[in-house]
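Here is a short note to read beside the model. Keep the structure open and find each residue as it comes up.

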Amino acid sequence: MSHAPGSAGPHAPGTTDPHGAGSTDPHAPRHHVRPPANWANDPNGPFRWRGRYHLFYQHNPYAPTHTDMHWGHASSPDLARWTHHPIALTPTPGGPDEAGCWSGCVVDDAGVPTAVYTGIDHRHTGLGTLCLARAADPEDRHLERWRPEPGPVVAGPPDGLEVTMFRDPFVFSHAGRRWSLVGAGHADGTPSVLLYDCTDLTSWRFAGILLDGRDPVAADAFGDKAVGWECPQLLRTRGGGWVLAVALWDGDPRATGYLAGTLEPDAAGGLAFAPRTGGRLDHGRDFYAPAVLQDDAAGRALLWGWSWESRAREETERAGWAGVLTSPRVVDLGPDGTLRTAPAPELELLRAAAPFVTAPVRTPLPVAYDLSVIARTPTTASLLRAASGAELTLRLDPATGTVTLDRSGWPRARGDGAAPLVLPAGPPGAPELEVRVLVDGSLLEVFAGDRAVATERVYRRPDDVAELAVTSGGAGPGGAGDGAAVTGWALVPPTPG
Ligand code: FRU
């Protein structure tokens, strides 16, 4: 990533290297959006404006810790090459966001890009206010200056619902009106998504609870641990269905889930979301806080998430940076009504001109790569080998239609998740199964066909050997050597976009 010409860059005093802190850290992703230094969490307000994609994110510009939230900002002409811009939102002393500009979205409000976000003041107890900030110059395709409105448009949760968590507005249009979801949790431990009519962005009307954790489809899809649903997002699929995505919060951020269903106006002047099915939005242990862009010009919905650090806190502090946004993903529903997720095709722009591997052979792996393995028979791809002999592997099994990620040789600082991760990748018995692997420093994104995606952080140790080895359990239908096909590209150093 690079700084916009003439911009001072995000507030990272003394940072002259465009990659900032972490540029010498082999674990630092180079091709994904993250600030030049210090802390990032949720992606916020993905937005398309005058030929560029804008992506904002929760950012503490002063330390690699989760406090003092600002909105960092980057933009791209093509989702592959990103340019940093100055910080978009900064807490206003004495304002409703004095203690933090928390998550939200960006919408086109009659030609003026407008951030709708969570304001946190010094008294906050989990309850935010909903605030607006307008682009100072809508003609500027880089959207570099933002003006916060002095007061909140919603001062807190609706009366009478005993809401104990309230944040993360997500604005969308449907049935001729403009609406917002807000993430919530209630005193009795029930998570929910609240709905507002905000057709006039300066005058909001509470329109009911869109859905809560007592819904049987939601309870079945998510389990019952969450006490709050953060960052609710809604997307329209190509076939006209709706997908609701939420971050599952049980006092700490845990995981993400989706529900697929219908969305219709209801008799009470609100909307009714009827979920049909659901499951994990991302199956990995290091993905949270989804952000959706309904990219109508391209006829698709895009999704980003936050991948947190899973190494020890002291190591993160020493590294001086924490958190990265995932690759943009195209999200839709398959013919069976379940989620489909694929890397945005534009990511192919990051590939080197020639692949470094085109056959299932043993070969060194670069620090950042894009690898595809197609298996016709049971196949194992090893990506990393420890001095102990342990290997980081992906096992593709066409008979069961699964891909299994085994990273048990790389224990996590949080201590969770030694068990292999089994991902549905296709119908059992299909003639072939594909896995696409995007690695960028410590960030690993595994796309099991388009049926499941898992985001994980793997920190290579100095004596680990990053070597690809593919072994296939016999010949495929085409004869010897036909069991698996492998193609991989190094990612080329990013250039400004
Ligand atoms: C999700 C979240 C949001 C909140 C933001 C604060 O990770 O907790 O609910 O707005 O992060 O940084």
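**Notes on the model**

1. Start with Thr-379. Because its relative accessibility is 0%, Thr-379 counts as buried. Buried means under 20% relative accessible area, exposed means over 50%, and partly exposed lies in between, using a 1.4 Å probe and protein chains only. This is a predicted model, where local features need pLDDT of at least 70, side-chain atom pairs count only at pLDDT 80 or more, and totals for chains, interfaces and linings use all residues. Residues are numbered from 1 along each chain as its sequence is written, and side-chain values use heavy atoms, with hydrogens and water left out.

2. Where does Thr-379 lie? Thr-379 is in strand β26, residues 379-385. Strands (E, at least two residues) and helices (H or I, at least four) are DSSP runs, numbered from the N terminus. Contact means heavy atoms within 4.5 Å. Leaving out residues up to four places away in sequence, Thr-379 touches several residues, including Val-373, Leu-394, Val-470 and Gly-483.

3. Now look at the side chain of Thr-379. It makes a polar contact of 2.8 Å with the side chain of Ser-472. It also reaches the backbone oxygen of Thr-377 at 2.7 Å. A polar contact is a pair of N or O atoms within 3.5 Å; within protein, one must be able to donate a hydrogen and the other to accept it, and residues adjacent in sequence count only if both atoms are side-chain atoms.

4. Move to Arg-436, in strand β30 (residues 433-440). Is Arg-436 buried or exposed? Arg-436 counts as buried because its relative accessibility is 12%. Its side chain makes a polar contact with the side chain of Asp-370, at 2.7 Å. Beyond four places in sequence, Arg-436 is in contact with Glu-348, Arg-351 and Phe-447, among others.

5. Check the ligand's oxygen atoms. One is 2.7 Å from an N or O atom in the side chain of Asp-42. For the side chain of Arg-167, the distance is 2.9 Å. For the side chain of Asp-168, it is 2.6 Å.

6. Asp-168 counts as buried because its relative accessibility is 5%. Its phi is near 70°, a positive value in a residue other than glycine.

7. Ala-110 also has a positive phi, near 50°, and is not glycine. Ala-110 is found in the loop between β6 (100-109) and β7 (112-120). Ala-110 counts as exposed because its relative accessibility is 77%.

8. Finish with the cores. A nonpolar core is a set of buried Ala, Val, Leu, Ile, Met, Phe, Trp, Tyr and Cys residues joined through side-chain atoms within 4.5 Å. The largest has 37 residues, and Phe-172, Leu-181, Trp-229 and Leu-244 have the most contacts inside it. Strand β15 (residues 242-249) gives the largest share of this core, 6 residues. A second, separate core of 34 residues includes Leu-383 and Leu-444.
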